[in-house]
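Here are some friendly notes to read alongside the sequence and the 3D view. Take them one at a time, and find each residue on screen as you go.

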Amino acid sequence: MSLKYAVLAALLEGEASGYELSKLFDVSLANFWAATPQQLYRELERLAGEGLIEARVVRQERRPDKRMFTLTGAGRRDLDTFAATPPRRPTAIRDELLIKIQAMDGADPAATRALVEERAAWASGKLARYRRVRERLLAGRGEEEYLRETDRVGPYLTLLAGIALEEENLRWCARVRTVLDQRAPRDERRRPAAQDGTRQAGV
């Protein structure tokens, strides 16, 4: 899937500037489709050229003029067709940290722990942000009440997927830390032996 449909889906929320869309991507859509502001602005220009969105200029006295984007009828029809089409392939994970964990045996356990702690901090920050978005959407209502009353359930359901992903990341990080702690005495015994062997080999 290209960035195209993520942008069109974001505009279902209503008219927005490029800046507002970049913030929406950062807060909500980033849990399943990341994009830099530069990529986003290029895509907006391309979609406007294809007639899938339209732009209007809003004059501002003390700030530069801004362009506001909305879906066109053609854009909505294209998005509806996309939404009804099965994904081309299942999600594939490409995570550099997992390659590092795969190769961790023999590496410095402290370095491995630092990598896992960094991932846990990142996941914790994202989870806190997603939960704040969730509370803002619910606005004091229970989840079932909100899902009955809201006009659009899609953003909430994708937000739940992001929350679940980061909760699982934190569980995995906790498990890795436990394993590292359990193996620490063994690793400490092995490392001096390897050093002795190195010295003996050099004699």
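1. You will find A114 in helix α6. Please keep in mind, here and below, that you are looking at a predicted model. Now look across from A114 to R177: these residues are 63 places apart along the chain, yet 9.9 Å separates their C-alpha atoms.

2. Staying in helix α6, which covers residues 109-138, look for T112. With a relative accessibility of 5%, T112 counts as buried, because the limit for that label is under 20%. What is T112 in contact with, once neighbours within four places in sequence are left aside? The answer is I101, M104 and L180.

3. Now step back to the whole chain. It holds eight helices and three strands. Reading from the N terminus, the elements follow the order α-β-α-α-β-β-α-α-α-α-α. Of the 203 residues, 27% are buried. Consider also the contacts between residues at least 6 apart in sequence: 60% of these join residues at least 24 apart.

4. As background, the strands of a sheet pair through backbone hydrogen bonds, in either a parallel or an antiparallel way.

5. You can trace the pairing residue by residue. Strand β1 is joined to β3 (residues 66-71) by two bridges, and the two strands run antiparallel. On the β3 side, A16 has F69 as its bridge partner, while S17 has M68. Between β2 and β3 there are six bridges, again with antiparallel strands.

6. Next, look at how two helices meet. Helix α1 (residues 3-10) packs against helix α3 (residues 37-49) at an angle of about 85 degrees, and their axes are 10 Å apart. Angles from 65 to 115 degrees count as roughly perpendicular, and α1 and α3 are therefore described that way. Which residues make the contact? From α1 come L3, K4, V7 and L8, and they meet Q39, L40, E43, L44, R46 and L47 of α3. Sorted by class, this contact has six nonpolar residues, one polar residue and three charged ones.

7. How many aromatic pairs does a search of the whole structure find? It finds two. In one of them, Y5 and F82 are stacked, with 4.1 Å from centre to centre and 5 degrees between the planes. This pair links distant parts of the chain, as Y5 belongs to helix α1 and F82 to helix α4 (residues 73-83), 77 residues apart. Y5 counts as buried at 16% relative accessibility, whereas F82 is partly exposed at 30%.

8. Y146 and Y156 also form an aromatic pair, a tilted one, with 5.1 Å from centre to centre and 45 degrees between the planes. Y146 sits in helix α7 (residues 143-149) and Y156 in helix α8 (residues 154-202), so the pair ties together parts ten residues apart in sequence. Both Y146 and Y156 are buried.

9. Most residues other than glycine have a negative phi. A139, although not a glycine, has a positive phi of about 50 degrees. Where is A139 found? Look in the loop between α6 and α7. A139 is exposed, at a relative accessible area of 56%.

Conventions: Residues numbered from 1 in each chain as written. Predicted model: local features only at pLDDT ≥ 70, side-chain atom pairs only at ≥ 80, totals over all residues. Heavy atoms only, no water. Pairing = 2+ DSSP bridges. Helix = DSSP H or I, 4+ residues; strand = E, 2+ residues; numbered from the N terminus. Axes fitted to C-alpha atoms, helices over the stretch in contact; angles between N-to-C directions. Parallel < 35°, antiparallel > 145°, perpendicular 65-115°, else oblique. Contact = heavy atoms within 4.5 Å. Nonpolar A, V, L, I, M, F, W, Y, C, P; charged D, E, K, R; others polar. Phe/Tyr/Trp six-rings, centres within 6.5 Å; stacked < 30°, edge-to-face > 60°. Buried < 20%, exposed > 50% of the residue type's maximum accessible area, 1.4 Å probe, protein only.
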